Amino acid sequence: MKIATWNVNSLRKRASHVRYWLDENPVDVLCLQETKCQNQDFPLEDLQGLEYYATFCGQKAYNGVALLTRKPVEDVQTSIPGLEDEERRILGATIDGVRVLNLYVVNGKEVGDPKYRHKLKWLSKLQQHLEDDAGRHERYVIVGDFNIAPEDRDLSEDWDSELLRSEPEREGLRAICQLGFEDCFRRFEQPAESYSWWDYRNSAFRRNFGVRIDLILANAQAAEACNSCRIDSKPRTWEAPSDHAPVVATFDFA
DNA sequence: ATGGCATAATCCTTATGA
């Protein structure tokens, strides 16, 4: 089973990219973030002809998550229990016996900002939910735009902001991983300076000035079955690209 | 401290992103 995550920065703008990418990369599950459209505006017509089911949880202008799956989804989840939140940032479902949780983690704006505090609270609520939920599924994969660079090697050397790397953010991610989840990307040898996001400004992509914040986490049983994980930076070279690249993991489930 | 670039909506100006 192949599972991919991609922050598309508006699905209506990027539908043709998604379509083209899926033709080249026929993954079983594609998790999208920042779809930026309400459910009634989901661009189904632009995705027609693809052999995928679409499941979505959107809102106007901001946030929004979606799943494109070759098989039907079961047990769809669109919020963190106990967190009353207008923002559409989470979409969970079981596909072919694998629990997939698709996240668009709060950005946080800057360390100390109210949005940063909201980010930490959001992560803590997610962690509490996973304490309950992790044990309910044998194969559990959490993917998405975490807006956290796990380690210093996941940011360009002269990264000047504390956001995405601060200890409380990393502690939030670590607390989730301590429930038994592992960053699939680091199970394998990877090129130095591997990133998944590059600013549109200042030729950041050309200079490879970026961060790795788009992650695929797997519980022990899924991680053992994972035999590859890579970032596909090619779509970042396309005309009018998303600022994020897709990340793909392959699982060899018996 | 700000801009730089992109997106959506309130649409020629603002909020947000990372």
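**Exercise 1.** State what share of chain A is buried in this predicted model, and decide whether the chain is as compact as a globular protein of its length.

*Solution.* Step 1: in this predicted model, 44% of the 254 residues of chain A are buried.
Step 1: list the secondary structure; chain A holds four helices and 14 strands.
Step 2: The C-alpha trace spans about 45 × 45 × 40 Å along its principal axes.
Step 3: look at how contacts run along the sequence. Of the contacts between residues at least 6 apart in sequence, 67% join residues at least 24 apart.

**Exercise 2.** Describe the largest nonpolar core and the surroundings of Ala218.

*Solution.* Step 1: recall that nonpolar side chains tend to be buried together in soluble globular proteins.
Step 1: the largest nonpolar core here has 72 residues, and Ile3, Val100, Val141, Ile216 and Ala218 have the most contacts inside it.
Step 2: find the main contributor. Strand β7, residues 98–104, gives the most to this core, with five residues.
Step 3: follow Ala218. Leaving out residues up to four places away in sequence, Ala218 touches Val141, Phe181, Glu182, Cys184, Ala223 and Cys226.

**Exercise 3.** Work out how the buried residues of helix α3 are arranged, and classify Pro168 as buried, partly exposed or exposed.

*Solution.* Step 1: helix α3 covers residues 167–177, and its buried residues are Glu169, Gly172, Leu173 and Ile176.
Step 1: seen down the axis of α3, these residues fall within an arc of 90 degrees, so they line one face of the helix.
Step 2: the elements covering the buried residues of α3 include α2 (114–133) and β9 (181–183).
Step 3: turn to Pro168, which is also found in α3. A buried residue needs 20 or more C-beta neighbours within 10 Å, and an exposed one has 12 or fewer. Pro168 has 15 inside 10 Å, so it counts as partly exposed.
Step 4: Pro168 lies 7.3 Å from Leu120, C-alpha to C-alpha, although the two are 48 residues apart in sequence.

**Exercise 4.** Characterise the protein surface near DNA strand B.

*Solution.* Step 1: there are 21 residues around DNA strand B, of which Ser10, Ala61, Asn107, Tyr200 and Arg201 come nearest.
Step 1: sort the residues of this surface by type, which gives seven nonpolar, five polar and nine charged.

Note on methods. Residues are numbered from 1 along each chain as its sequence is written. Chains are lettered from A and ligands numbered from 1 in the order in which they are written. This is a predicted model: local features need pLDDT of at least 70, side-chain atom pairs count only at pLDDT 80 or more; totals for chains, interfaces and linings use all residues. A residue is near a molecule or strand if its C-beta atom, placed from the backbone, lies within 6 Å of it. Ala, Val, Leu, Ile, Met, Phe, Trp, Tyr, Cys and Pro count as nonpolar, Asp, Glu, Lys and Arg as charged, and the others, Gly among them, as polar. A nonpolar core is a set of buried Ala, Val, Leu, Ile, Met, Phe, Trp, Tyr and Cys residues joined through C-beta atoms within 7 Å. Helices (H or I, at least four residues) and strands (E, at least two) are DSSP runs, numbered from the N terminus. Two residues are in contact if their C-beta atoms, placed from the backbone, lie within 7 Å. The radius of gyration is taken over C-alpha atoms; the globule rule is 2.2 Å times the number of residues to the power 0.38. The arc is that of the directions from the helix axis to the C-beta atoms.
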